[in-house]
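Dear colleague,

Please find below the structure that I am handing over to you.

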Amino acid sequence: MKVTLQGETFGFSGKIKGYTKSGLIDYMRDQGAGVSNASPNRSMSCFLVGDRAADKKIDAARALGLTLIEGDDLYALLEHGEVTLTEAAKLSLDDLIGSARALLAKTPSHAVWLELMALVDTCDEEHIEALIV
């Protein structure tokens, strides 16, 4: 999967080496990207995970089915304006179950239901039955 800064909207959490929070936002906007350090939401296409990123934001991004970009892929994206991600970025079954449990612990609402549906939509076929059980 190829991700480019130009024309995409990103969320982020944590410290990203070489950038202050406002410096990262300014840089990404200069590259034609939308960016926010607010809670993950459906307007975002990807979520950047820096050092010491908030677990709550990572879980929310996963629950929304956002692509997480971290480590070398994150810095390649910032340096080159694009990066090709491998399928290894898929969630493990344990991550899926953890995200589902976090959602189920919330007060029931339409928004939580939509997040659960988005989580199921991100599942590989082999994980769907185990997740639902």
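Leu93, Leu96, Ile97 and Ala100 in helix H4 meet His127, Ala130 and Leu131 in helix H6, where contact means heavy atoms within 4.5 Å. Of the residues in this contact of H4 with H6, 6 are nonpolar, 1 is polar and none is charged. In this classification Ala, Val, Leu, Ile, Met, Phe, Trp, Tyr, Cys and Pro count as nonpolar, Asp, Glu, Lys and Arg as charged, and the others, Gly among them, as polar.

The model is predicted, so local features need pLDDT of at least 70 and side-chain atom pairs count only at pLDDT 80 or more, while totals for chains, interfaces and linings use all residues. Residues are numbered from 1 along each chain as its sequence is written, and side-chain values use heavy atoms, with hydrogens and water left out.

Two packed helices are described by the angle between their axes and the distance between the axes. H4 covers residues 93–104 and H6 covers residues 125–132; they pack at an angle of about 40°, with their axes 10 Å apart. H4 is therefore oblique to H6. Angles under 35 degrees count as roughly parallel, over 145 as roughly antiparallel, 65 to 115 as roughly perpendicular and the rest as oblique. The axes are lines fitted to C-alpha atoms, for helices over the stretch in contact, and the angles run from 0 to 180 degrees between N-to-C directions. The crossing of H4 and H6 is right-handed; a crossing has this hand if the near helix is turned clockwise from the far one by less than a right angle, and is left-handed if anticlockwise.

H4 also packs with H5, at an angle of about 170° and with their axes 10 Å apart. This makes H4 roughly antiparallel to H5. On the H4 side the residues are Leu96, Ser99, Ala100, Leu103 and Leu104, and they meet Val112, Glu115, Leu116, Leu119 and Thr122 in H5. By class, there are 7 nonpolar, 2 polar and 1 charged residues in the contact of H4 with H5.

Turning to the whole protein, there are 6 helices and 6 strands. Helices (H or I, at least four residues) and strands (E, at least two) are DSSP runs, numbered from the N terminus. In order from the N terminus, the elements run β-β-α-β-β-α-β-α-β-α-α-α. The radius of gyration is 15 Å, close to the 14 Å that the globule rule gives for 133 residues, so the protein is as compact as a globular protein of that length. This radius is taken over C-alpha atoms, and the rule is 2.2 Å times the number of residues to the power 0.38. Along the principal axes, the C-alpha atoms fill a box of roughly 45 × 30 × 25 Å. Buried residues make up 36% of the 133 residues, where buried means under 20% relative accessible area, exposed over 50%, and partly exposed in between (1.4 Å probe, protein chains only). Among contacts with a separation of 6 or more, 62% are between residues 24 or more positions apart.

Glutamate 115 lies in H5, residues 110–122, and counts as buried because its relative accessibility is 14%. Neighbours within four places in sequence aside, glutamate 115 is in contact with Arg42, Ala63, Leu64, Leu103 and Lys106. Lysine 106 lies in the loop between H4 and H5 and is partly exposed, at 40% relative accessibility. Not counting residues up to four places away in sequence, lysine 106 touches Val112 and Glu115.

Cysteine 46 belongs to strand S4, residues 46–49, and is buried, with a relative accessible area of 3%. Apart from neighbours within four places in sequence, the contacts of cysteine 46 are Val3, Thr9, Phe10, Gly11, Thr67 and Ile69.

Arginine 52 is found in the loop between S4 and helix H2 (55–63). Arginine 52 is exposed, with a relative accessible area of 74%, and its phi is near 55°, a positive value in a residue other than glycine.

With kind regards
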